[in-house]
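Here's a quick briefing to read alongside the model. Keep the 3D view open and find each residue as it comes up.

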Amino acid sequence: MPAPVTPSISLQFVKKIVVQFCPWEANVRSTRNFLSHVGAASARKTNPDCKIQTVVKHDRSPPHIHIDFFDGKQLIFKSTHLTTPEMLHKLLKWHNIRFAQLSPEEKEKATAAKPR
């Protein structure tokens, strides 16, 4: 079976990501993989000002991911039973919604902007 395709990640509209998990739990693999995708250099270049915070707990709490966007909206994943591609696709969907709301001038500026 081929590996699932993961979308390219853009953090353009993301203000902050908090990833919380207990490393001793068996169900944190997808959460940790999500963290590696959003922490990758290619994703970080899309928004160098995005804060990514990792909270490692040792209390057997379920993993979750909290994403704050610049427009005040929040996306929360209770990632116990979610796969990494599911979470990445949902983040991409939220990005595309915000991009569609931009004016034509803002869209042109956003796509022409060079990463720092």
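A residue is called buried when its relative accessible area is under 20%, exposed when it is over 50%, and partly exposed in between. Take R98: with a relative accessible area of 9%, it falls under that 20% limit, so R98 counts as buried. Keep in mind that this is a predicted model.

**The overall picture**

- The protein chain has four helices and four strands.
- Starting at the N terminus, the order of elements is β-α-α-β-β-β-α-α.
- Of the 116 residues in the protein chain, 33% are buried.
- Take the contacts between residues at least 6 apart in sequence: 69% of them join residues at least 24 apart.

**Helix α1 and its buried side**

- Which residues of helix α1 are buried? In this helix, which covers residues 29-38, they are S30, T31, F34, L35 and V38.
- These residues sit on the same side of α1, because they cover an arc of only 145 degrees around the axis.
- Here's the background: an α-helix has 3.6 residues a turn, so residues three or four places apart point the same way.
- What do the buried residues of α1 pack against? Their partners are the helices α2 (41-44) and α3 (84-100), plus the strands β1 (14-21), β2 (51-56), β3 (64-69) and β4 (74-78).

**How the strands pair**

- β1 and β3 are antiparallel partners, with six bridges between them.
- If you want a spot to look at in that pairing, find V18, which stands opposite H66 in β3.
- β3 also runs antiparallel to β4, and here five bridges join the two strands.
- In β4, F77 is the residue that stands opposite I65.
- The hairpin of β3 and β4 has four residues between the strands, and G72 in this hairpin takes a positive phi near 90 degrees.

**Aromatic pairs**

- Two numbers describe a pair of aromatic rings: the distance of the centres and the angle of the planes.
- How many aromatic pairs are there? The count comes to two.
- One of them is F34 with F77: their ring centres are 6.1 Å apart and their planes are at 65 degrees, so this pair is edge-to-face.
- F34 belongs to helix α1 and F77 to strand β4, so the pair ties together parts that are 43 residues apart in sequence.
- Are F34 and F77 buried or exposed? Both F34 and F77 are buried.
- F69 and W94 also make an aromatic pair, and theirs is stacked, at 5.3 Å centre to centre with 25 degrees between the planes.
- This pair links distant parts of the chain, since F69 is in strand β3 and W94 is in helix α3, 25 residues apart.
- F69 and W94 are both buried as well.

**Back to R98**

- R98 is part of helix α3.
- Where does R98 lie relative to F69? R98 is over the face of the F69 ring, at 4.3 Å from the ring centre.
- Setting aside neighbours within four places in sequence, R98 is in contact with F13, F69, D71 and K73.

**I52, a residue in between**

- I52 is in strand β2, and its relative accessibility of 23% makes it partly exposed.
- I52 and V38 are 14 residues apart in sequence, and their C-alpha atoms are 8.2 Å apart in space.
- Apart from neighbours within four places in sequence, I52 is in contact with L11, I17, L35, V38, G39 and R44.

**Cysteines**

- C22 has a relative accessible area of 1%, which makes it buried.
- C50 is buried too, at 1% relative accessibility.

**R60 and its backbone**

- Most residues other than glycine have a negative phi, and most peptide bonds are trans.
- R60 is not a glycine, yet it has a positive phi of about 65 degrees.
- To find R60, look in the loop between β2 and β3.
- Is R60 buried or exposed? R60 has 58% relative accessibility, so it counts as exposed.

Key:
Residues are numbered from 1 along each chain as its sequence is written. This is a predicted model: local features need pLDDT of at least 70, side-chain atom pairs count only at pLDDT 80 or more; totals for chains, interfaces and linings use all residues. Side-chain values use heavy atoms; hydrogens and water are left out. Buried means under 20% relative accessible area, exposed over 50%, partly exposed in between (1.4 Å probe, protein chains only). The arc is that of the directions from the helix axis to the C-beta atoms. Contact means heavy atoms within 4.5 Å. Two strands pair if DSSP finds at least two bridges between them. Rings of Phe, Tyr and Trp (its six-membered ring) pair if their centres lie within 6.5 Å; planes under 30 degrees apart count as stacked, over 60 as edge-to-face and the rest as tilted. A charge sits over a ring if NZ of Lys or CZ of Arg is within 6 Å of the ring centre and within 35 degrees of the ring normal.
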